[in-house]
Structures are given as C-alpha cells and as structure tokens.
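Welcome! Take a moment to look over the sequence and the 3D view, and then we will walk through some of the charged pairs together.

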Amino acid sequence: MKFATLNVTSMLQYIVAVNAVEADLLCCQEVTLLRCKRAQAEEYLRNWCCHWGPPPPGRLCRSSGSRSTTNAANGGLCTLVQRPIPAYDTLAALSHVALRSPDRVSHTVVATGTGSTFVHVFNVYCPSGNGRAENEEREDMLEKVLFAAADSLGDVPILVMGDLNTEEDRSPVLRKALRNGWSDAAELHHARTGNTPPPPTFTSARTSGTRIDRILLNRIAACAFRQCVTTAVNVPGHRLVTVTLDIAALRQSVWRFKVPREIPTEGGSKWDLSEAEADREAVQRLANSEFAERLAAQRVEEAWLEWSRVSEQYLQDAFAVPVEERGRGTGRGMKTLPRRVCVTAGTATDGSGAANSRGPCTYAG
C-alpha cells in the first residue's frame, strides 16, 4: 500500500499533477483553497475521497485591510484517499493536545486489507520562517503530534507526513523523535538499499535541496516499510515523497483455541415454568441421555461430554436462542484443538487507536 505526501502550493492550479499521483493515500499541504472552492476540486478528483482540514483564511488585501471571499491565503490541508478504500477523520488524538494552530494538523484513519488493520495518518504543515515565534510554534506542534497525540493511540501503525519546514539540525524535537522510536522513511530506505532518495524540497534545479518534506513512521509502521521514493511532479519547489508499506507484515499467525460463546441469558427464561418444573425438566433430559450409562461404566470423560451437551441444549431451549446462533454456543466438554489464525493489534471499536493502549511513555530528551 502506497502513502504519499506533497506540498501542492495551490490545489486548483496544480490539480492535474495531484490527480495523476499513483498512491493509495496522498497528504496535501498548502492547498490554498477556501471552502467555497472545494466542490470545484472534488469534481475533478472523482477517484479520490477528499478529507479536508479547516480552510485557510481569505487572502488579506493590503489596501483595504479586509479578507478576500474568493481567494485563500497560503495554507490548508487535504488528505486524499483512493476510492473505495474506507477512511475517516477523527479528533480523538488531537482534541486534548491544545495545538496553537489546529488547522495545520489533521488525523485520518485508513482501513487496510480486510479492514482489520488501521493505519493512522497525521497530515502536518508546520509554520515556515526562522523567527523565534515560528520556531517555538513549530517545535510545539511536532512535540504534541509525535509524542502526545501519537502516543495516546497505543501500539498501532502511525505515519506523520507533510511539510515540517525544519530538519534535524534545527529541531531538537525532531532529533528526540528519531532517537525514540520514530524513523525517517528516507533513512529506512538508505538502510535497506544503500541509496538515499533525492531531497524533496528545492529552490531551483541547481540546488541540492532539503528534507523539510518527509514521512515519519512509528516503530509499528516501520515493521511494514518496504521502500521510499522521491518523484518529480509538476509542482514548483517540491517533489512527491512516497512510501510503500507491506500491510501483511503487521499481522502474525498464531495458534488459537476455539472457545464456545456465552449463552445469552438476558431477560430470563422464556419458558412459562415454575422453578421446580424447570428443575424437573433438566433432570428428565439428563435421564433420557446417555449420561448415567457412561458414568456407570466409569467413562468419565464421555459422561462429562454428554452432561455438557445436554446442559447447553437445555439452556438454549430455555432462553430461546435462535437456531442459526446455537452452533457457536456449543462445545463445552469437548477436547479443543488449536487452529491457525492471523491477528493484528487490537483496535478500539471506533478505530481511533489500540484497544489496550500501553499508556503515556517518557522519552529521553
């Protein structure tokens, strides 16, 4: 499965290049699009499901001091997911971290494979500039996304993708992240192949470029990493960064015992019998079975099996369990044999994170 990121600088202006990207998910930054123009973009991007972040404000008119109602200021996020891959946006991990600019981060949950494995994608567009205020907000955003928000999800695959507008030599938080469980896709590719993808951000064809556009993987997602590719597209100053994940690597085969389902007893017995009559019915059923014969012959295991069978049938009749649901509620007393099954990390019912989070972690500074 391919995950990509691209600073598009203007969604409508370069929408042909965006639509041509070959990926299952594409994180776009700096879409520069007001809410009123989204329908125009979606009409062209018919093969994609658009997950829009909060729109940027209108462009400021210097002469009048007012905001435009048709042209957006630079900024804005959109995460594109190829149809019909299931995906949805969530605020479960971001609602409690108090970002200074919440419109610069979005969180999309993508169901992969059979739908049992969820990949969490944070689309990030950090503030640009080298001033003190910009640096502080950028570091604060990375700290809260890479540690507070991501860690609250537990042991699930997480990708942080986007235009971070910084590199390790200028960001203590980024250095800390790369020392504590996070991996850069380009570095993983170099470790596997010996080759480093070209820098994705550049000012001209003659410059060497920088790696402010990047994809970070937590330790779970890194287990599925296969390659990272940087591709030239028709967008000025930025190249497309794509990682390929082998989602099957996030699953493992285990031996599991089949355990009978609990017989539903809510609401009480459906029989119109007194307690004494119900007891006599149970005794009569047991007497009509082979239980006594097996017990008398000291075939204890067989007697226990018959006792379990009669008891299960009695309870299912008493509580009116539908016939089509009875099979999975039987099997007590039988010698259970393990079966081979594939499992993934347990996921919460709303897909917002691991069912059993490992809890907050303390990272070295």
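A residue is called buried under 20% relative accessible area, exposed over 50%, and partly exposed in between. Keep this in mind for Arg285: its relative accessibility is 21%, so Arg285 counts as partly exposed. Please also remember that this is a predicted model.

How many salt bridges are there? The count comes to 17 salt bridges. Here are three of them, including the distance between N and O atoms.

| Salt bridge | N to O distance |
|---|---|
| Asp246 and Arg226 | 3.3 Å |
| Arg285 and Asp317 | 2.7 Å |
| Arg326 and Asp317 | 2.7 Å |

Let us start with Asp246 and Arg226, whose side chains meet in a salt bridge. This pair links distant parts of the chain, 20 residues apart. Asp246 sits in the loop between strand E14 (240-245) and strand E15 (252-257), while Arg226 belongs to strand E13 (residues 225-231).

Now back to Arg285, which forms a salt bridge with Asp317. Here again the pair links distant parts of the chain: Arg285 lies in helix H7 (residues 275-287) and Asp317 in helix H9 (residues 300-318), 32 residues apart.

Asp317 also meets the side chain of Arg326 in a salt bridge.

Technical notes:
Residues are numbered from 1 along each chain as its sequence is written. This is a predicted model: local features need pLDDT of at least 70, side-chain atom pairs count only at pLDDT 80 or more; totals for chains, interfaces and linings use all residues. Side-chain values use heavy atoms; hydrogens and water are left out. A salt bridge is a side-chain nitrogen of Lys or Arg within 4 Å of a carboxyl oxygen of Asp or Glu. Helices (H or I, at least four residues) and strands (E, at least two) are DSSP runs, numbered from the N terminus. Buried means under 20% relative accessible area, exposed over 50%, partly exposed in between (1.4 Å probe, protein chains only).
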